[in-house]
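Let's take a look at salt bridges in this protein model. Have the sequence and the 3D view handy as you read.

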Amino acid sequence: MLDLIRRLIPEIGGPAHEDGRAEEEATGQKIAPGEVLQLGPEVESGHDWCEVKGRRFPRLKERVRQALPEDASHFRPAEADDFSQSVPRRHEIFAHLTADMADLLERIAEIDSNPRLGSMMLISGPTGCGKTTLAKTYCFAANLPITELNFSGDSTLTDFFHRTEVITDAAGTQTTQVMLGPAAEAMLYGKKLLINELNMLPADLMSAITSAVDTGRLLLSSTRMGNVEIALHEDFGIIATANPDYIGTSEMGKPLRRRFGVGLGDITMGFLPPEQETESLLAEFGRIRLLEAAGIEADPGIAERLVAVADRLRNHQDFGARMRDRISTRALLHWLATGYLTGLPMAEIGARAVLTIAPGDIFDEVARTAAKMLGGLRAADGPPRRLAGALLSRKGPEPGQAVPVPELDHPLEEEPDAVDESVDGAAIELSDGVRVAVAPREAGAPRLAAFDRRGQPISDRSELATVRSQLRRQLNINLPQPLGNPPERDRILPCLTGTTHGALQLAQSAVLLGWPVLLRGPSGCGKSALARTLAAQWHLPVVEFSFTGETDKSDLTAVRQMRAGRTRWNVQAFMEAVQAGYFVIINEYNLAYPDVHSIINGLFDKAGLVTLPDGSQFRAHPHFRLVATAAPDGPGVKPLNEGVENRFGAVIAMDYPPPEEERAILAAIAAPDADPQVLDSLCQLANTSRRLLAGDLDEQAGEGFGNIPPDLASGVAERTALTTAELVMLARGSRDRAELVAWYRRGVIEGASEEIERVLEPVLANYGLA
C-alpha cells in the first residue's frame, strides 16, 4: 500500500496535485500537430487553432528564433525568443468546461482576437468560482504566454515596473541602473499580464497601467539608455480578476470598470447553475490523482446533493447574502474529497471543517440547514484501504478517554537524508560512543557528520536531533541547524482524545490532498501542538513561523542585499521551506494584513507559484504542506476575507476540551501518584470560569460563584480560567499533589487585588484546592 502512495504523492503534492509533474514537464502547453485536445463538449484546441462553440480562433504560433546581428540582439533577451515556459500548463487550467464556462471563454476569445478592441479584460466574481483558472484556460487554448502577478495594498511601482540595482563592471566600478520589472517586461515582449486581486491594487499603480494602455507607451526614466519610451507589444494584453467588496479590497468605481469596456471586457462571473456546477465538481474530483490511484470515483448523487446544499445556502432568505461568497465550488471539492478520505458523515464534515467560515452569529443555522438536507449521508465507510496505514481510523477514543498518539506510515516519498561524511577536523566523542565532526561553511549552517559506535553514519533526522541535544548538554555546543527538523516530543499533543482525534482526521485529509489547513480557536487550546502532531505522526520535517502585525511580504519572499558588488534577491526562510517541500506551520495567521496572505494564496492556486519583482518565479515543491493557526479574537486580530478562507482545504474550529477529556489529558501526563480528585477540580473550575467569561453561564449558576457579586465573579473567573496548555504544564511539571496545588494557587492568587483574593479563597476551597 505504501509503495503506491510513495509513487503517487510526488505527482499530486502541493497545489498542482491534479496532474503528474513528470508528464507535465515533458508536454507543457504544447499540442502536437494533428492532436486535438478536448476541453469539454464545446471547446477544443489543435496545434494552431482553438474552437469555442463552433467558432475557430487562431492559436498563437511559436515565435520564430532568428539569428540577429550582435548590436540588434542586445535589445532582445534570450527569453524573448521562446516563451513556452510562460504559457499556462495543463494542470493550471480547467480540463472540462461546461456550457456557461464555454460562453465566457468565447467572449474572452472574441475580444482578444479583435485588434480594434484592445486586449483588456476584467473578470469579477466571488472567490472560488474559477476566475483565474478560466483566464489561464483561455491563454493555454490560445498558446499565449502570461506573467501572473498577485498585487496587494502595499505593492509599489518599483515592485513590478522598474527597480534600481547596483551593478559592478569588470573594472570594479559600481553604478546604478534601472531594471525592468515583470509588468514592464510583459508590455515590452508581448505577454498577457494576469493580475489577480485587481481591487487590492493601489490607485497610483493602476493609474500607471491604464496610462500605458491608453497611450500605447510606457515611459521610463534613468535607464542605461537614458529616458525612454517603450511601445506596447502588439500581443500585450491585460486579464485581471477581482473579488468585489472583500476585506482588504478597494471599491471598484465605474471609471475603472469602464476602462475594460461595458459589455466587452468587463466580465461578471458567478457560480454555475446547479446542474453545471455538479458537472464541474465531478470533473475536478476526477483529476485528483491520489483518489484516482486509490480507486475512488465520486458518486454523482453525492456531488449533486452537496451542490444542492450550496445552492440553498447561497440563496437562503435569511443568510444567503452572507454565505454566497463563502460556499464556493472550490469549497465543495474540499468537502467531497474529505468525505471519501475520512468516511465521516458529510454533515459532520461540513459543520467541522467547511461551513466553519460562516459568520459566528449565523453558523448554527447554516449548519442545521446543511444537516437537514444531508441527513446521515456518507461518501465512504472509512479511509480507503490502500491509505489506511497513513490515516487515523474513523473511530476515535471513547468519551473521557485519552490514548497515546499513534505513529502512522510515512505518506510522502522522502528523499534520503544527506549524510556528510567529508567533514574535516577532529571528531568529538560523546558519552554514548557517538562520534561527531563539525565544520563551518561559507554560507549556511555548519556541516555536521555523526557516526554510531560501529562507525555507521547517522542520517535519521530524529537521531541527529538527539546528537545535537547531547552536544548542547555535554559540551555546551549549540549548532545552528538547517531548516526542516522533526517536532520534539514534548512540543506535540501529549495524547489523543475524541475531540483531537476528530480534528486530526480532518486536517490529515486536507494535508494529504495538498491543501492548506486553518486551525482556529482560543489561545492555549492546542492548535499549534495539533499541527506539530500531524507532522510528527508522518515523520515530516517542520519549519514554524509566527505572524505579527508588522509581517510584510518581503518577510516571506525575498529581500535585496548587496553581494559581490551588486544587489541580489536573497530568498527568505519561508520561501526556502516552500521550495524544499517542508511541512510549514504559521501561527497567528490573522495578525498579518491581507497583502501578506495574498502571497500564500498564490501558492495554493493551481500553478502554485509566486513572482518576485525581478520577474523570477518560485514554485511550491510537491511535498510542501501548510497548517496555519488563528485566534478568533484578541489584540491585533484581523478578520480574514472570504478569498483567504476559501483557499483552505479545511477550516477547523477548535476549543478547550470538555472537562472529562481535559481530566483524561492531565491524568495521562501527571505524576503516577497524582490525585484524580485534584485533577478533576482543576478542570471543572477552569471550565466553569471559561463559560462565565464567554457569557454561557450565569454567575449565580456557576458552582462556587453563587454568592459573589457579578463584577467580582468575573475577576475570579479571569484568574481561574486557565488554558489547557497551562493546565498541562502544571500537571507535567509537578511531582506530587502538594506541589501541583501549591503551584496552581500561586498562579491564580499572586498579583490579585485584596478584594479578589478575599472571594477567590472560598471558591478554591469549594473545589478542594485550598
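Start with helix α16, which spans residues 346–354: Glu348 and Arg352 both sit in it, four residues apart, or about one turn of the helix. Keep in mind that this is a predicted model. The side chains of Glu348 and Arg352 meet in a salt bridge, at 2.4 Å from N to O. How accessible are the two partners? Glu348 is partly exposed at 27% relative accessibility, and Arg352 is partly exposed too, at 26%.

Salt bridges can also share partners: Glu92, Lys136, Glu148 and Arg619 are joined into one network that way.

Glu35 and Arg90 form a salt bridge through their side chains, 3.5 Å from N to O. Glu35 belongs to the loop between α2 (21–27) and β1 (37–38), while Arg90 belongs to the loop between α3 (70–73) and α4 (99–112), 55 residues apart. Glu35 itself is partly exposed, with a relative accessible area of 27%.

Next up are Arg287 and Glu284. Are these residues buried or exposed? Arg287 has 9% relative accessibility, so it counts as buried, because the cut-off for buried is under 20%. Glu284 is also at 9% and counts as buried.

| Salt bridge | Closest N to O |
|---|---|
| Arg287 and Glu284 | 3.5 Å |

And how many salt bridges does the model have? The count comes to 28.

Methods: Residues are numbered from 1 along each chain as its sequence is written. This is a predicted model: local features need pLDDT of at least 70, side-chain atom pairs count only at pLDDT 80 or more; totals for chains, interfaces and linings use all residues. Side-chain values use heavy atoms; hydrogens and water are left out. A salt bridge is a side-chain nitrogen of Lys or Arg within 4 Å of a carboxyl oxygen of Asp or Glu. Helices (H or I, at least four residues) and strands (E, at least two) are DSSP runs, numbered from the N terminus. Buried means under 20% relative accessible area, exposed over 50%, partly exposed in between (1.4 Å probe, protein chains only).
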